[in-house]
Amino acid sequence: MAMYSKWKLPTIIEEEDMIKKDFYIEIHPGEVLSGILEDEDISQADLSRALGASRKTISEICTQKRGISAEMAFKLGKVFGQSADFWMTAQKNWELSQVDR
């Protein structure tokens with residue numbers, strides 16, 4: 001079920017923003033995952049089977065009630081053809097954006 005996904009974290013940051021403070025992307029990785037599932041027309045149930053994860057876990061990630069673990073990052077990367085770093089960076093940025101408020 002490995003497939004190309006057009007989802008990428010934004011990397012263009014205004015120079016002024018970089019000077020003013022640290023910049024963290026305020027997008028929960030569950031929002032990214034939900035977008036990928038919608039774009040690729042994949043159900044949460046299908047993804048849970050492909051990952052060997054429970055439907056509840058996938059639902060909690062997609063509804064932003066749960067973060068992405070290293071193990072889940074690896075699995076998602078493998079299924080969607082991304083690196084685990086993509087998912088771990090999304091999780092880190094989300095967490096840091098919440099502390100920085």
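Hi everyone! Let's start with helix H4, whose buried residues pack against H2, H3 and H5. Contact here means heavy atoms within 4.5 Å, and buried means under 20% relative accessible area with a 1.4 Å probe, counting protein chains only. Helices are DSSP runs of H or I, at least four residues, numbered from the N terminus. The buried residues in H4 are Thr57, Ile58, Glu60, Ile61 and Cys62.

A quick word on the source: this is a predicted model, where local features need pLDDT of at least 70, side-chain atom pairs count only at pLDDT 80 or more, and totals for chains, interfaces and linings use all residues. Residues are numbered from 1 along each chain as its sequence is written, and side-chain values use heavy atoms, leaving out hydrogens and water.

Now, how many residues are in the largest nonpolar core? There are 19, and among those with the most contacts inside it are Leu33, Leu76 and Trp87. Such a core is a set of buried Ala, Val, Leu, Ile, Met, Phe, Trp, Tyr and Cys residues joined through side-chain atoms within 4.5 Å. H2 (29-40), H3 (44-51), H4 (55-62), H5 (70-80) and H6 (84-99) each give it two or more residues. The largest share, five residues, comes from H5.

Take a look at Leu33: leaving aside residues up to four places away in sequence, this leucine touches Leu47, Ile61, Cys62, Leu76, Phe80 and Trp87.

Finally, back to H4 for its end: the helix is followed by glutamine 64, whose phi is positive, near 65°.

Technical notes
Buried < 20%, exposed > 50% of the residue type's maximum accessible area, 1.4 Å probe, protein only.
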